[in-house]
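Reader: Could you take me through one part of this model closely? I'd like to look at the nonpolar core and the residues around it.

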Amino acid sequence: MLKISNAVEIAEWEIEITQIRSQGPGGQNVNKVASAVHLRFDVPNSALPPFYKERLMALQDQRISKDGVVVIKAQSFRTLELNKEDALERLKELILEAIKVQKVRRATRPSKSARRKRMDKKTQKGRTKALRGKVQV
């Protein structure tokens, strides 16, 4: 059971976790131990609320396929248990990131004094650069 919020939880049967071999150097154990994890979560067929599903499907994330399957590969740790926990935590973070409501941006204008200061700085900078020319005799 993966708890997303007080009201939303994901059941274990909805998350498919498979063991795979990790990439990279590993010495003698590299070809024997499958300590990396592939986590698959099917968003459209899950028990998540519709709002969560819509927001997840709208995300432009390479971990979410066109069919709505989230695939997370965890291989940071040397043990299978830690990689499972890492993958589940990353799934939780992805879902929480998707449901955040962005603040509406209100268009603002610079104040009159700010515009005047900007123009004064530009004029001063131009004068400084004009003095850098060749010396006139």
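Author: Happy to. Let's start at Leu56, which, neighbours within four places in sequence aside, is in contact with Val43, Leu48, Ile64, Leu94, Ile95 and Ala98 (contact means heavy atoms within 4.5 Å). Do keep in mind that this is a predicted model, where local features need pLDDT of at least 70, side-chain atom pairs count only at pLDDT 80 or more, and totals for chains, interfaces and linings use all residues. Residues are numbered from 1 along each chain as its sequence is written, and side-chain values use heavy atoms, leaving out hydrogens and water.

Leu56 is also among the residues with the most contacts inside the largest nonpolar core, alongside Ile10, Phe41, Val70, Leu91 and Ile95; this core has 23 residues. Such a core is a set of buried Ala, Val, Leu, Ile, Met, Phe, Trp, Tyr and Cys residues joined through side-chain atoms within 4.5 Å, with buried meaning under 20% relative accessible area, using a 1.4 Å probe and protein chains only. At least two core residues come from each of β4 (36-42), α1 (50-58), β5 (69-74) and α2 (80-99). The largest share, seven residues, is supplied by α2. Helices here are DSSP runs of H or I with at least four residues, and strands are runs of E with at least two, numbered from the N terminus.

Stepping back, the protein has three helices and five strands. Its radius of gyration, taken over C-alpha atoms, is 27 Å, well over the 14 Å from the globule rule (2.2 Å times the number of residues to the power 0.38) for 137 residues, so the protein is more spread out than a compact globule. Of those 137 residues, 23% count as buried.

Note on methods. Buried < 20%, exposed > 50% of the residue type's maximum accessible area, 1.4 Å probe, protein only.
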